[in-house]
Amino acid sequence: MNVFMDSTLNDRILCCTGATEITGSSPIQSLWSGYGQIMRVGLNGAEVPSVVVKHVRPPQRANQPRGWNTQQSHQRKLHSYQVESKWYRDWAERLDETCRVARCFFVDSDNDEHLFVLEDLDASGFHQRFASQNLSQIRSGLRWLANFHATFLSERRSRLFPSGLWPCGTYWHLATRPDEFAELRDGEPLKRHAAEIDKRLSQCQYGTIVHGDAKVANFCFSDANGSVAAVDFQYVGGGCGMKDVAYFLGSCLGEAECEKHAGALVDFYFASLGGAIDATETSIDPADVEAEWRMLYPLAWADFNRFLLGWYPQHDKLHRYSRRLTDQAIAMIEHPTGG
């Protein structure tokens, strides 16, 4: 059975998995703005019963849901898939079971077209998705992030760090979002202080690699021991781990839940981070990382809010909790001594 019209792609799936036959396929989702598709492909004769195939083929004209069809947006998306290819080729293998990602059977790039043949995490036991207000799953996601961030803390001094990835991770990074930034009204505090917020997050002493799109929808959960795996590494790159943590919590919790649970969940993250740093046997003191990153937590919320205000100012993530953290960040910049 052919999955794609191009027989070469089918042959690549068979070759890289060792399968004798493709038994069928089903769509999982289309890529953002119509840049391709993700499919589950059944196999015979392979060590696995199925794989997930991500096929990136940019359209002639993007269908961006909110109308941001600019050249800047197009180039950002094209580069994001180059970064994801680099991630699976050179970086993903450094992770262990504490921050699980899909095994990559094959990745290939031809100009702006990319093919990823990845482990089917559902078939590997990670078939659960986030259930609303499930604090156990939220803690599992935070533990994953803590282990992920700790893994790359020890590499931050490398001259090439993070080679091939975004120098500054996250899809809302200021330098890659000039269109949305231009939409902010003059006099908006986030517009005045956006560059300083970005600088403090990007140039923190304890930099690591951030996932860059760590929303809870990009985590797959298992029944076994709270295990979790993450997907979607288009915006992985350097930065402060708080950017992932703030974004992750904002994707899990609404306004009331943030007010009630965020403080304890941030504490849980730092407890997990401390254990993960100790396990890497580096000379880094977890207390030093925590002291710096706790100060940057409000700035991470403010950084994302800057993007939202320009992109979609009516977004429900712009609630009282997120605005209060943003106000704290602005106060830290305008009154650095607390005066």
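This section describes the strands, nonpolar cores and helix packing of a predicted model. Local features require pLDDT of at least 70 and side-chain atom pairs pLDDT 80 or more, while totals for chains, interfaces and linings use all residues. Residues are numbered from 1 along each chain as its sequence is written, and side-chain values use heavy atoms, with hydrogens and water left out.

Helices (H or I, at least four residues) and strands (E, at least two) are DSSP runs, numbered from the N terminus. Strand 6 spans residues 113-119. Six of its seven residues are buried (under 20% relative accessible area, with exposed over 50% and partly exposed in between; 1.4 Å probe, protein chains only). Strand 6 is therefore largely enclosed by the rest of the structure. Strands count as paired if DSSP finds at least two bridges between them. Strand 3 (residues 50-56) runs antiparallel to strand 6 and is joined to it by six bridges. Here H55 has L115 as its bridge partner. Strand 5 (residues 104-110) is also antiparallel to strand 6, again with six bridges. In strand 6, V117 stands opposite F106. Two residues lie between the strands in the hairpin of strand 5 and strand 6. In this hairpin, N111 adopts a positive phi near 55 degrees.

A nonpolar core is a set of buried Ala, Val, Leu, Ile, Met, Phe, Trp, Tyr and Cys residues joined through side-chain atoms within 4.5 Å. The largest holds 91 residues. W87, W144, F148, L249, Y269, W293 and Y297 touch the most other members. Helix 8 (residues 286-311) supplies the largest share of this core, 13 residues. Apart from it lies another core of 12 residues, including I13, A19, V53 and F105. Contact means heavy atoms within 4.5 Å. Leaving out residues up to four places away in sequence, Y269 touches L142, L145, A146, H149, G241, M242, V245 and W293.

Helix 6 (residues 242-252) is mostly covered, with 10 of its 11 residues buried. Among them are M242, V245, F248 and L249. The buried residues of helix 6 pack against helix 3 (135-153), helix 5 (189-202), strand 7 (208-210), strand 8 (219-221), helix 7 (255-279) and helix 8.

Helix 8 also packs on helix 9 (residues 320-334), at an angle of about 115 degrees and with axes 8 Å apart. Axes are lines fitted to C-alpha atoms, for helices over the stretch in contact, and angles run from 0 to 180 degrees between N-to-C directions. The two helices are therefore roughly perpendicular (65 to 115 degrees; under 35 is roughly parallel, over 145 roughly antiparallel and the rest oblique). Residues of helix 8 at this contact include Y297, L299 and W301. Those of helix 9 include Y321, L325 and M332.
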